[in-house]
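Open the model in a viewer and keep the selection panel at hand.

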Amino acid sequence: MQTDVLVVGGGVSGLRAAIQASVEGAKVTLINKGSIGTGSETAYLDHLIELTVVGVSENEEDKTLYAKDLIDFGRHINDEDLVNTFVTNSLAEYEYISSLGVPMEKIDHTYPSHRAPRLIKGIGHFGQNLLSRLKNEAISKGVNIIENATLYDVKEETSFRTAYVGLKAKGIVTDLRMQFSSLILATGGGGRIFSISTNPGGSTGDGVAIALKLGANITNLEFLHFLPLLVKPIKGYYLTSAIFTKGYMKNTEGEKYIPNYPPGYQSMEDAELQGYLLLDACMWIQKQILEKRVTENNGVYWDGRHLKEDIKERIPNSYEKLKERGLDLLEDIVEVSTGCHQLLGGVEIDSAGSTNVPWLFAAGEVAGGFHGAERLMGTGVMDGLVFGARSGSSAAKNAMNTKFTPEIEREKPENFEGSLDMDIQSMKQEIQKKMDHILITKDNTRLQSTRKEVHNIYAKLANIEILSLPVAQRLMLSECMNITVLSLAYIDVSMRREETRGSFIRTDFQQKATENNPSFVRLVNQDVFEVNI
Ligand SMILES: Cc1cc2nc3c(=O)[nH]c(=O)nc-3n(C[C@H](O)[C@H](O)[C@H](O)COP(=O)(O)OP(=O)(O)OC[C@H]3O[C@@H](n4cnc5c(N)ncnc54)[C@H](O)[C@@H]3O)c2cc1C
């Protein structure tokens, strides 16, 4: 078995990248942590939300406006080349997935955050439809797909690079090593550095942590999209903003939340107003958390019972899904807290999906620069398609120029005598809880103290020789280490951004800076990062 291009991640971006690399003549292997169709954000589309929308720009005039919408919404620190590449290629990618038979329909209205009607709605279970068609296409183009395979390390040696992969099959975890020419990171988001997130459990920021280790630049890592999310029965479940903003909230002492309406507010149907109110609600919830007026799940109470049939009409899927799990939104009061929906930054790429490491490429949520300080809705799937295709093409070209004779070698598990006498799962949860304190607002004191606490955990993990452990323990350790490294980098770059911009709120620096500077972070050594803004 030979691998020119190794794609890590089986969501929309990884599958699109693999297809393109294969079409351009490379031998491609795609590995995915779980099975394709579960455990990715793409698989969560229409499962954790009511519907999926995809922004598509169909004419020249709209392309200019779409780019302006993205940059205005991103508060002017997006990479303009990436934005222009995105709007220029969105129609072709939409036509591509249509040609594969993914059911979609145009919606004639738009959301005010998009200043033109350019949204396409997924029909049925969009995420599953998209993944199954892309997977079939990848297989038909000769891509070798290995599921339940997790990349936990990459080593560069003089004449070759090796990917260390843990492979789960029938309850047994074995080690698989792959040599490759080009590596595409398509590992999705890193929302799981916080305890509540819409992201799947495996969104532990593996790609960003691996890229840092390989010397890649990470950009705009301090920006994220947060939301009020249900704490139970489904932790991280999102109630559409049009419904959420019409409910009432109370803390555990019975004090009511009173929304701060922005000056000149007009209609509750206005998405920008809803965005503003969600942010305001999140800030109030965070205040309750910091003042300990919350439930044991860090939640406050949300009551939407007065909305009656409006709930059933607007969020029929969510209503049914939650009812099946014992929560009736028409009769019950709900616990909500704040959670992370998306890390907006990630591995710095150019419009070809290339990074500053010549053989490393990235696409989708793991990559950064396209979004700025906020995210326009309906851009995640298209981001994965546009930059997936481009990174696949670039990786294939790179592989053609640097040929290895890759070999795949399995290790015998009995070789490993070390053992991990730590409760890694609890350490992971401890980090997530500490990071919750700096999810919504930040100040220097909280950033410093969170860094100290996260670093204490880092210090316990840093000297463990991962290869001495059985493979299953390597996977646990590497996920925890990824969360830790990503958290430290996030804190360091947040400390350096001394301003408030978009969803990045520094209570000790409440003004926007005069310059529109993106941020760049790079790992210098172990836990030392160089940050440039
Ligand atoms: C609830 C929700 C609603 C959304 N709604 C919309 C919407 O309406 N419109 C829109 O455009 N976007 C939406 N998005 C965003 C969109 O779903 C994502 O941006 C997009 O699916 C990301 O695709 P991806 O391929 O980058 O990542 P993913 O789909 O998450 O795929 C990454 C894959 O990599 C795997 N992986 C991770 N680490 C490793 C490793 N170390 N080794 C091997 N494999 C690994 C993961 O298991 C996963 O399968 C939504 C997201 C969520 C969560």
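Which residues line the largest cavity? Select Ser195, Ile196, Ile289, Asn298, Ser337, Thr338, Asp436, His437 and Leu439, which together form its lining. The model is a predicted one. The space inside the largest cavity comes to about 70 Å³. Coloured by class, its lining shows five polar residues, three nonpolar and one charged.

**Second cavity**

The structure has three cavities of 30 Å³ or more. For the second largest cavity, select Gly188, Gly189, Gly190, Gly205, Val208, Leu343, Gly345, Glu365, Val366 and Leu486. These residues line about 50 Å³ of space. The lining of the second largest cavity splits into five polar residues, four nonpolar and one charged.

**Second largest pocket**

Start from Asp153, Lys213, Ala462, Ile466 and Met481, the closest to the pocket centre among the 20 lining residues. By class, the pocket lining consists of 13 nonpolar, four charged and three polar residues.

**Aromatic pairs**

Now show the side chains of the aromatic residues; nine aromatic pairs are present. A pair of rings is described by how far apart the centres lie and by the angle between the planes. Select Phe244 and Trp302: their ring centres are 5.7 Å apart and their planes meet at 10 degrees, so this pair counts as stacked, the cut-off being under 30 degrees. Phe244 belongs to helix α7 (residues 241-244) and Trp302 to strand β14 (residues 300-303), so the contact ties together parts that lie 58 residues apart in sequence.

Are these two residues buried or exposed? Phe244 has 5% relative accessibility and counts as buried. Trp302 is buried as well, with a relative accessible area of 1%.

For an aromatic cluster, select Tyr66, Phe86, Phe370 and Phe387, which form one together.

**Charges over rings**

Two side-chain arrangements come next. Select Phe73 with Arg75: the arginine lies over the face of the Phe73 ring, at 5.7 Å from the ring centre. Then select Tyr164 with Lys155, where the lysine lies over the face of the tyrosine, at 5.3 Å from the ring centre.

Switch to a cartoon view for the last stop. Strands in a sheet pair through backbone hydrogen bonds, in a parallel or an antiparallel sense. Here, five strands make an open sheet with mixed pairing, in the order β18-β16-β11-β22-β23. Which strands stand at the edges? They are β18 (367-368) and β23 (528-532); each has a single partner strand, so one side of each has no neighbour in the sheet.

Within this sheet, select strand β11 (residues 218-219) and strand β22 (residues 520-525), which pair in the antiparallel sense over two bridges. To see how the strands line up, pick Thr219, which stands opposite Phe520 in β22.

How values were computed. Residues numbered from 1 in each chain as written. Predicted model: local features only at pLDDT ≥ 70, side-chain atom pairs only at ≥ 80, totals over all residues. Heavy atoms only, no water. 1 Å grid on protein atoms, 1.4 Å probe; cavity = no way out; pocket = protein on both sides within 12 Å on 5 of 7 lines; lining within 4 Å. Nonpolar A, V, L, I, M, F, W, Y, C, P; charged D, E, K, R; others polar. Phe/Tyr/Trp six-rings, centres within 6.5 Å; stacked < 30°, edge-to-face > 60°. Helix = DSSP H or I, 4+ residues; strand = E, 2+ residues; numbered from the N terminus. Buried < 20%, exposed > 50% of the residue type's maximum accessible area, 1.4 Å probe, protein only. Lys NZ or Arg CZ within 6 Å of the ring centre and 35° of its normal. Points joined across faces, edges and corners; volume = space filled by probe spheres on them. Pairing = 2+ DSSP bridges.
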